[in-house]
Amino acid sequence: MRVALAANRSLGVSKVAMHLLDQLYRLPSATLILLRRPREDEPGEFEQHAAALAETLGFEVEWRIPEPGGRAAVMARNIEMARDADTVICYFDNYPGELSGTGHLLDKAVEHDKAVIRAFDCTDDGISLVGSWEPEPVT
């Protein structure tokens with residue numbers, strides 16, 4: 001199973017740390033975690049924290065770095081992640097907010113009809129599920 005994790009850069013990791021740990025804990029042991037990272041810089045705070053939690057739980061982490069090409073290459077990386085993931089979990093800071101790379105990843109996951117998609121809004125009042133899709137079991 002491959003799970004793409006993403007969050008807005010403006011989201012402080014302290015808002016989601018325990019929630020993210022709970023989401024990771026529920027995943028099967030053979031899960032591969034897909035995380036975004038910039039081409040030239042270090043990963044963001046959320047991605048670093050997610051990688052550390054995932055590795056502590058025994059998951060393999062795969063970093064997705066865009067090719068050269070600016071914003072278009074970043075968007076292409078998001079499309080590839082959405083296509084490659086079985087599950088996409090996104091965290092937003094005051095959803096829906098401004099158009100973001102995290103929102104783009106979520107939109108592409110919906111377009112690619114991913115098996116499980118979860119979007120969470122993180123505010124000062126807590127974390128709430130703002131969208132989820134899971135297929136109906138086949139009978």
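Modeller: R83 is partly exposed, at 43% relative accessible area, where buried means under 20%, exposed over 50% and partly exposed in between (1.4 Å probe, protein chains only). R83 pairs with D84 in a salt bridge, with 3.5 Å between the closest N and O atoms; the term requires a side-chain nitrogen of Lys or Arg within 4 Å of a carboxyl oxygen of Asp or Glu. D84 is buried, with a relative accessible area of 15%. Both residues belong to a network of salt bridges that links E62, R64, E80, R83 and D84.

This is a predicted model, in which local features need pLDDT of at least 70 and side-chain atom pairs count only at pLDDT 80 or more, while totals for chains, interfaces and linings use all residues. Residues are numbered from 1 along each chain as its sequence is written, and side-chain values use heavy atoms, with hydrogens and water left out.

Searching the whole structure gives nine salt bridges. One of them joins E111 to K108, with the closest N and O atoms 3.1 Å apart. These two residues lie in helix α4 (residues 101-111), three residues apart, about one turn of the helix; a helix here is a DSSP run of H or I, at least four residues, numbered from the N terminus. E111 is exposed at 56% relative accessibility, whereas K108 is buried at 17%.

Another salt bridge is formed by the side chains of R26 and D22, at 2.9 Å from N to O. R26 is exposed, with 62% relative accessibility, and D22 is partly exposed, with 31%.
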